[in-house]
Structures are given as structure tokens and as C-alpha cells.
Amino acid sequence: MPVRILHTNDLHGTLTPERAASLSALRQSADLYFDSGDAIRTGNLGIPMKREPVWAELDRLRCNASVLGNRETHVLESAFHAKIAGAAHPVLCGNLRRKDGTYPLPRTLVLESNDIRIGIVAVMVPMVTERMRSQAVSAYLWDPPIPTARELGEQLRPQVDLLIALTHIGHRQDLELAEQVPIFDAILGGHSHTVLPEPVFVRHTAVCQGGSHSRYAGMYEWSPSNGFSGRLIPFPRPE
């Protein structure tokens with residue numbers, strides 16, 4: 001039996017209660033729902049004065065996991081926690097670390113649906129690296145996403161049937177990831193706001209992305225016999 005996956009990215013605070021309600025029919029037909037970051041409205045260096053409302057909407061839609069986008073990060077620890085406060089689902093990021101080498105968020109996730117084990121590796125665009133002067137004032141550092149995805153993917157691959165990279169690194173780097181690390185069945189991406197009506201295949205890896213600002217949602221399906229397929233659907237509009 002195949003696994004059906006709903007995917008969104010770069011919502012930028014546009015997932016209102018009305019739009020979330022209109023998306024619920026698609027969610028009901030999907031086994032899993034993933035989001036690829038930049039879901040909140042607050043900008044990179046902004047600090048929300050109250051919880052971002054998108055987290056409650058993603059919770060109502062039973063989002064299984066998301067990856068951090070640049071909007072969900074901050075160099076200050078308190079501001080970072082304020083941005084993701086209210087997220088009920090696992091928020092993942094494999095290449096974000098504290099300066100002491102520990103990781104503030106889960107790096108991977110393993111789920112099971114329809115007797116299929118699904119492994120999720122999550123990486124995002126680096127915001128502050130060890131080579132930047134800004135690292136002196138940042139509570140966090142970001143490692144290169146593609147080597148990190150390779151390391152984590154190789155750890156998970158033997159344990160799962162379906163291996164997905166949940167990324168916020170942009171379409172160009174998604175293509176590079178698929179080319180350099182051909183162990184993923186699919187890359188569900190974000191950051192570049194690229195509209196891919198259907199998955200782009202690099203070797204056997206399906207690269208997917210759905211624009212931005214609640215214009216499209218991706219509906220995909222994977223089975224051991226047929227592989228990965230699907231398309232973008234115009235985001236349902238409230239009546």
C-alpha cells in the first residue's frame with residue numbers, strides 16, 4: 001500500500017485559519033504532512049511579540065514534522081525559542097548546533113505509515129558559520145547542509161524503506177544534494193520559492209518544491225514498486 005504525502009513550504013505567515021480549513025480535505029487524503037520551513041511571518045532578525053499563529057494551524061492539520069527555515073531562526077537563544085514556541089509537531093534541523101557541539105533540535109525522525117518505515121533528514125541554509133565574524137555574537141552555528149545530509153542519510157538508509165530529505169536550502173542546492181548524495185528517495189524543499197509542477201528526478205531522487213505564500217501544495221505518493229510520483233495542486237481557497 002502506498003504512502004501519500006502532503007507538502008508545503010515558505011508559507012510566510014499566510015496559513016490563516018480559513019486557508020488551513022480549506023487545506024484539511026487534502027490533509028485527510030494524505031497519510032503524512034511535512035512543511036519545509038519559513039512558515040512564520042516574523043523575519044530573520046525579528047522577534048515575535050506573541051506566539052506565531054501558524055503553529056496552531058499546522059497542529060490542526062496534524063503536521064508530522066517541519067524543518068527550520070531562516071525565518072524560524074535567530075542568533076539569540078531567547079529569540080530563537082520565541083519563534084518556535086507553540087510548535088506541537090517535531091521541528092527538525094540536522095546542521096544547527098550550539099557552540100558546545102550539542103544540538104538544540106532533533107536532526108532526524110523515523111515514522112511508520114502503512115507498514116512502511118519513513119526516515120526524515122532535515123537541513124537548512126546556513127545562517128552563521130564558523131568563518132563569519134557574526135559567530136562571535138551568535139548562540140548557534142550552522143554546518144554545511146549537504147555533508148550533514150549525507151552523514152545523517154547514510155545512518156538512516158539501512159533502517160528505513162523510504163528516505164526523505166526535508167530541506168530549506170533552495171532548489172539549486174537540492175539538485176546538488178540529489179546528485180552528490182544519491183541515497184534519498186525524495187527531497188521536499190523550500191527557500192527558493194521554486195514552483196515545480198511535478199517532481200524533478202536526479203538519478204532516482206525526486207526533487208519537489210511548491211512555490212511560496214500558500215499558492216500550491218504538493219501531493220505525492222510513494223510505493224516500493226512504483227517509486228515516487230505526484231504533483232502540485234493550487235492551494236484550496238476559502239469559500
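These legends accompany an overview and several close-up views of a predicted model.

**View 1. Overall composition and dimensions of the protein chain.** The secondary structure of the chain comprises five helices and 14 strands. With a radius of gyration of 17 Å, close to the 18 Å given by the globule rule for 239 residues, the protein chain is therefore as compact as a globular protein of that length. Along the principal axes, its C-alpha atoms fill a box of roughly 50 × 45 × 30 Å.

**View 2. The open sheet that runs from E4 to E14.** Six strands make up this sheet in the order E4-E3-E2-E1-E13-E14, and their pairing is mixed. The edges are taken by strand E4 (91-92) and by E14; each has a single partner strand, so one side of each is left without a neighbour in the sheet. Helix H1 (residues 17-28) lies across strand E1 (3-8), strand E2 (32-35), E13 and E14. The direction of H1 is at about 155° to that of E1.

View 3. Strand E13 (residues 216-223) pairs with strand E14 (residues 227-234) through eight bridges, in the antiparallel sense. Tyr216 has Pro234 of E14 as its bridge partner. Tyr220 is likewise bridged to E14, where its partner is Gly230.

**View 4. The open sheet that runs from E6 to E11.** The strand order here is E6-E7-E9-E10-E12-E11, giving an open sheet of six strands with mixed pairing. Strand E6 (108-113) and strand E11 (200-202) are the edge strands; each pairs with a single strand, so one side of each is left without a neighbour in the sheet. From one strand to the next, the twist averages 25°.

**View 5. The E10-E12 pair and the packing of helices on the sheet.** Strand E10 (residues 186-188) and strand E12 (residues 205-208) run parallel and are joined by three bridges. Leu188 has Cys208 of E12 as its bridge partner. H5 packs on the sheet, where it touches E9, E10, E11 and E12. The direction of H5 makes about 170° with that of E12. Helix H4 lies across E6, strand E7 (116-124) and strand E9 (162-168). Relative to E7, H4 runs at about 160°.

**View 6. The crossing of helices H4 and H5.** The axes of helix H4 (residues 145-156) and helix H5 (residues 171-180) come within 10 Å of each other and cross at roughly 40°. This angle makes H4 oblique to H5. The crossing of H4 with H5 is right-handed. H4 contributes Pro145, Ile146, Ala149 and Arg150 to the contact, and H5 contributes Gln173, Glu176, Leu177 and Gln180. By class, the residues in the contact of H4 with H5 are four nonpolar, two polar and two charged.

Definitions and conventions: Residues are numbered from 1 along each chain as its sequence is written. This is a predicted model: local features need pLDDT of at least 70, side-chain atom pairs count only at pLDDT 80 or more; totals for chains, interfaces and linings use all residues. Side-chain values use heavy atoms; hydrogens and water are left out. Axes are lines fitted to C-alpha atoms, for helices over the stretch in contact, and angles run from 0 to 180 degrees between N-to-C directions. Helices (H or I, at least four residues) and strands (E, at least two) are DSSP runs, numbered from the N terminus. Angles under 35 degrees count as roughly parallel, over 145 as roughly antiparallel, 65 to 115 as roughly perpendicular and the rest as oblique. A crossing is left-handed if the near helix is turned anticlockwise from the far one by less than a right angle, and right-handed if clockwise. Contact means heavy atoms within 4.5 Å. Ala, Val, Leu, Ile, Met, Phe, Trp, Tyr, Cys and Pro count as nonpolar, Asp, Glu, Lys and Arg as charged, and the others, Gly among them, as polar. Two strands pair if DSSP finds at least two bridges between them. The radius of gyration is taken over C-alpha atoms; the globule rule is 2.2 Å times the number of residues to the power 0.38.
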